Amino acid sequence: MAKLCSRMFFTARLQFNRFISSSTTAFPRRVVVTGLGMVTPLGCGVETTWKRLIEGKCAIRAISPEDLKMNGFDKETQLHTYDQLTSKVAAIVPCGTNPGDFNEELWLNSRDSRSIARFIGYALCAADEALSDAKWAPSEQEQKEMTGVSIGGGTGSISDILDAAQMICEKRLRRLSPFFIPRILINMASGHVSMRYGFQGPNHAAVTACATGAHSIGDAVRMIQFGDSDVMVAGGTESSIDALSIAGFCRSRALTTKYNSCPQEASRPFDCGRDGFVIGEGSGILVLEELVHAKKRGAKIYAEVRGYGMSGDAHHITQPHMDGRGAILAMTRALKQSGLHPNQVDYVNAHATSTPLGDTIEANAIKSIFSDQATSGSLALSSTKGAIGHLLGAAGAVEAIFAVLAIHHGIAPLTLNLTRPDPVFSGGYMPLTASREMPVRAALSNSFGFGGTNASLLFTSAP
């Protein structure tokens, strides 16, 4: 017992000394991006997704009854449910064993995967790519203790909840899986990544609707800045292609309904013909790292995170305020933290989801902040949701990666289906309708969610 107490005291003292050492570091510490990973409707992997995005490919397709994940229900109920849905298009991750496919056998169907729902599997796959890209595989205890995870989600596994409800209706509750709760908890994406790699730093999960991915990244940046960790695996994940999720968004009149017969035209941010968003799924994960730590180990640096702004609309459960004050506050705060002037920002990846109200309000907010930079045509602006739909809790992370890649490759991606721009646009202020090769030294990514929660991330080229 005395030896055990002695060991515990030694371990506690060692951890305390590390904390004191890190907490006396000059703040804020600079944070850079050293690894990227993605699972999106355009494909599995950063290279596949980016190539298809800038080429103008669209991943949106018509859904079938089989896509609704209602295997526990009889065929008649499945078909009736499908018929009742007013929106019948979605952006679905391609699954299979071909290059660019998400391998379900590897990430979801192994013997040890009973506690892993689809949204967790997407996060594990994207995190694996990001960590491999960053070449970060710590073996020393101190390194593991200073590596954390911050992965959020929007809705968790609604399909598991639907299956459980069906068991209650059929009086089969005793057959409920003991893994039901671990499969639906949103923080289990972070938990599984942490356990898989032995990361013992902060284990965090934001849940802020469609701003989740951005908040997860921004929160992770602050954990590094304040010395809680040296490395963070951060992002968002979502698997929302199921009957109940689609039905819920249909009932809230958020989804597009006019383009069921032409799915690839359905998501049209900033276009006069837009009538709602296209529901999507996937995951985006970044490896964030303290600058000196990254340089010391010779890591590849994609970009630096210079600004993180947050705000609340305090207005309505789903609609932004007409004056765009929430979006303006988030962008202004990101710019203030970065120390950059608006005319130093080269590209904005807009949240614009293809909803009639939201797109116009955001466009006006961007114009008000960037003023001459926007109206002169110097500011490149696009919404990539025309290609991948709206990934809800994963959207902010995937789009942050697009902003980072725009800086890294010097290419600003296009907005699909923009044939009749909203009247808010005129002259030089116009979203890109073709990918543009250009120097991108600073890029801003916006994410706004139900409940009036807003986040903006500002990246600059590698120091």
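Is Val221 buried or exposed? Select Val221: with a relative accessible area of 3% it is buried, where buried means under 20% relative accessible area, exposed over 50% and partly exposed in between, using a 1.4 Å probe and protein chains only.

Before moving on, note that this is a predicted model, in which local features need pLDDT of at least 70 and side-chain atom pairs count only at pLDDT 80 or more, while totals for chains, interfaces and linings use all residues. Residues are numbered from 1 along each chain as its sequence is written, and side-chain values use heavy atoms, with hydrogens and water left out.

**Stop one: around Val221**

Val221 sits in helix 10 (residues 212-225); helices (H or I, at least four residues) and strands (E, at least two) are DSSP runs, numbered from the N terminus. Now show its contacts, meaning heavy atoms within 4.5 Å. Not counting residues up to four places away in sequence, Val221 touches Val31, Leu288 and Val305. For a distance check, draw a line to Gln200: the C-alpha atoms of Val221 and Gln200 are 17 Å apart, and the two are 21 residues apart in sequence.

**Stop two: the nonpolar cores**

In soluble globular proteins, nonpolar side chains tend to be buried together. A nonpolar core here is a set of buried Ala, Val, Leu, Ile, Met, Phe, Trp, Tyr and Cys residues joined through side-chain atoms within 4.5 Å. Select Val33, Leu36, Ile217, Leu286, Leu288, Val404 and Phe459, which touch the most other members of the largest core, a set of 58 residues. Colour helix 16 (residues 395-409) next, as it gives the most to this core, with 11 residues.

Then centre on Leu286. Beyond its neighbours within four places in sequence, its contacts include Val33, Met232, Ala397 and Ile401. A second, separate core has 30 residues, among them Ile116, Ala117, Val149 and Val233.

**Stop three: the largest pocket**

A pocket is found on a 1 Å grid over the protein atoms alone, as an open set of points where a 1.4 Å probe fits, with protein on both sides within 12 Å along at least five of seven lines; lining residues have an atom within 4 Å of a point. The largest pocket holds about 630 Å³ of space, a volume being the space filled by probe spheres set on the points, which are joined across faces, edges and corners.

Select Thr318, Gln319, Pro320, Thr355 and Phe450, the closest to the pocket centre of its 35 lining residues. Helix 13 (325-338), helix 14 (356-375) and strand 14 (442-449) each give two or more residues to the lining, and helix 14 gives the most, with 6.

**Stop four: salt bridges**

A salt bridge is a side-chain nitrogen of Lys or Arg within 4 Å of a carboxyl oxygen of Asp or Glu, and the whole structure has 16. Pick Asp160 and Arg183, which pair at 3.0 Å, N to O. Asp160 is buried at 12%, and Arg183 is buried at 19%.

Finish with Glu289 and Arg297, whose salt bridge spans 2.7 Å, N to O. Glu289 is buried at 0% relative accessibility, whereas Arg297 is partly exposed at 27%.
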